[in-house]
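Dear colleague,

I am passing on the structure below, and my notes on how its chains meet follow it.

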Amino acid sequence: MSITEILFFFLSALAIGSAIMVLVSKNPVYSVLWLVAVFFAISGHYILLNAQFLAIVNLIVYAGAIMVLFLFVIMLMNLNAHSEPQKNLWMKLAGVISGGCFLMVLVSLVRQANELSNKKALTVEGNIGLIKNLGKVLFNDYVVSFEITSVLFLSAMIGAIVIGKKD
Amino acid sequence: MTLLAFDWLLIIEKLVLIAIIVFASLGIALYTTFAERKVAAILQDRPGPERAGPFGLFQPFADGLKLIMKEEIIPSSANRNLFILGPGLAMTAALMTCAVIPWGGTVSLFGREISLQIADINIGILYVFGVVSVGIYGMMIGGWASNNKFSLMAALRGASQAISYELAMSIALIALLMTTGSLSLRTIVEQQMALGHLWNIAYQPLGFILFFICAMAECNRTPFDLPEAENELNFGYHQEYSSMKLGFYLFSEYVNMIMSSAVMASLYFGGYDIPFFNESVLPQNIAALVGVGALLIKIVIFIFVFMWIRWTIPRFRYDQLMNLGWKSLIPLALVNMLITGAFILARM
């Protein structure tokens with residue numbers, strides 16, 4: 001096994017294990033912290049694909065900003081292990097079955113997708129994720145959609161301020 | 001020596017470099033605590049610590065020993081795991097910044113060219129921001145796990161302050177990155193070292209002032225030390241901590257201060273560049289060592305300015321802090337960015 005493979009399996013195990021812990025944890029604060037661990041593992045995968053910019057932006061935006069806000073809300077509402085409502089057994093069973101069906105659909109999709117067959121992950125030689133190439137692609141080929149997205153973000157920001165104003 | 005198709009000498013080289021840099025940072029941080037007390041004493045016209053050793057030079061060791069020997073108390077209603085995780089996370093995040101800072105040029109030792117930087121990644125400065133945002137967790141987890149209202153309030157204050165000032169900081173930085181065209185700290189330093197190119201402070205004076213203010217807020221230094229405002233919150237987010245866990249929290253503040261000084265020196269003050277001097281006339285190894293010395297001197301000057309401000313200016317009120325961040329610094333940073341963009345367009 002090469003170093004890349006070892007790292008891939010380690011990061012995958014970390015991501016899946018942490019994701020399971022997000023669901024299993026009784027305490028919502030623990031769930032958030034495990035979710036942060038998931039983001040770290042996914043950033044590790046991005047680095048393996050040589051997408052350094054994506055990796056670090058994933059950390060700054062999700063782990064650094066959004067999850068901190070999640071923690072804020074959970075800490076301020078003082079949610080604890082015992083304040084989580086207990087669902088009955090049938091609900092849990094229905095959740096497991098529907099989740100399993102969804103997983104099956106996803107797996108079969110990935111297996112049958114023509115786009116993905118015979119494609120190799122560009123672990124070292126891929127360089128589209130480097131900031132220089134990514135910037136060139138975004139601002140040459142996809143500039144219209146990029147600008148429209150930024151307008152969308154701006155309107156969301158202004159909307160948040162308008163809603164947040166008391167008077 | 002290749003096993004697993006890997007250059008193990010490179011690993012050894014990097015491990016040695018990491019060990020040196022981490023221990024040097026901790027050593028400097030140790031003496032920064034001493035310097036803080038001495039500077040405070042001088043500014044307040046009193047002698048300061050002077051009993052332990054000549055001029056009180058052994059004082060930091062005495063303090064460290066005292067912290068380690070103190071009884072370790074974990075409150076019975078605290079969340080034990082997170083209570084322990086908090087200070088560790090704060091300290092780790094503080095030390096992780098040192099990986100991307102170029103501490104000097106390249107040295108040639110044993111026939112190898114060794115770059116005095118742990119990792120020259122092409123997103124260096126974004127990495128710093130990533131680590132800073134992870135550092136917030138140390139404070140938040142510690143404050144929440146203590147199960148104390150004052151600690152929680154302080155942690156929430158600290159986190160919201162850090163997020164608010166990170167915005168202005170990154171916008172101030174974007175203006176600088178527009179002029180450098182690179183995110184790698186080594187490239188930024190080398191550009192400033194080139195002949196006929198001034199330090200970035202000459203091109204981005206307003207950007208530097210904004211960055212400096214925000215860095216002070218990120219380090220929780222007075223006048224931005226609201227998370228530890230004693231008169232409102234007793235002691236702040238580390239109120240329930242004792243022994244070396246408290247020491248880690250207090251110490252990480254000093255490590256943060258050193259790292260932010262190093263980042264500012266690299267971004268705006270030429271990093272390991274010696275002013276008014278062409279390093280290429282010196283032999284390579286000596287030039288690299290002198291460069292490290294130059295960077296350390298710049299860091300020490302920054303740390304002194306940090307302390308000078310701390311013991312001169314009183315603390316902000318919370319609403320003043322938020323008004324300054326959102327209503328003054330962010331608009332100023334945006335204006336700075338627009339002016340820089342206009343200049344670059346005009347020169348093209």
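**Helix packing between the chains**

The crossing of H3(A) and H4(B) is left-handed, meaning that the near helix is turned anticlockwise from the far one by less than a right angle; helices are DSSP runs (H or I, at least four residues), numbered from the N terminus.

This is a predicted model, in which local features need pLDDT of at least 70 and side-chain atom pairs count only at pLDDT 80 or more, while totals for chains, interfaces and linings use all residues. Residues are numbered from 1 along each chain as its sequence is written, and chains are lettered from A and ligands numbered from 1 in the order in which they are written.

Helix H3 (residues 52–77) of chain A packs against helix H4 (residues 124–145) of chain B at an angle of about 20°, their axes being 8 Å apart; axes are lines fitted to C-alpha atoms over the stretch in contact, and angles run from 0 to 180 degrees between N-to-C directions. H3(A) and H4(B) are therefore roughly parallel (angles under 35 degrees).

Residues of H3(A), including Ile56(A), Ala63(A) and Met75(A), meet residues of H4(B), among them Leu126(B), Gly130(B) and Trp144(B), contact requiring C-beta atoms, placed from the backbone, to lie within 7 Å.

With regards

Terms used
Helix = DSSP H or I, 4+ residues; strand = E, 2+ residues; numbered from the N terminus. Parallel < 35°, antiparallel > 145°, perpendicular 65-115°, else oblique. Contact = placed C-beta atoms within 7 Å.
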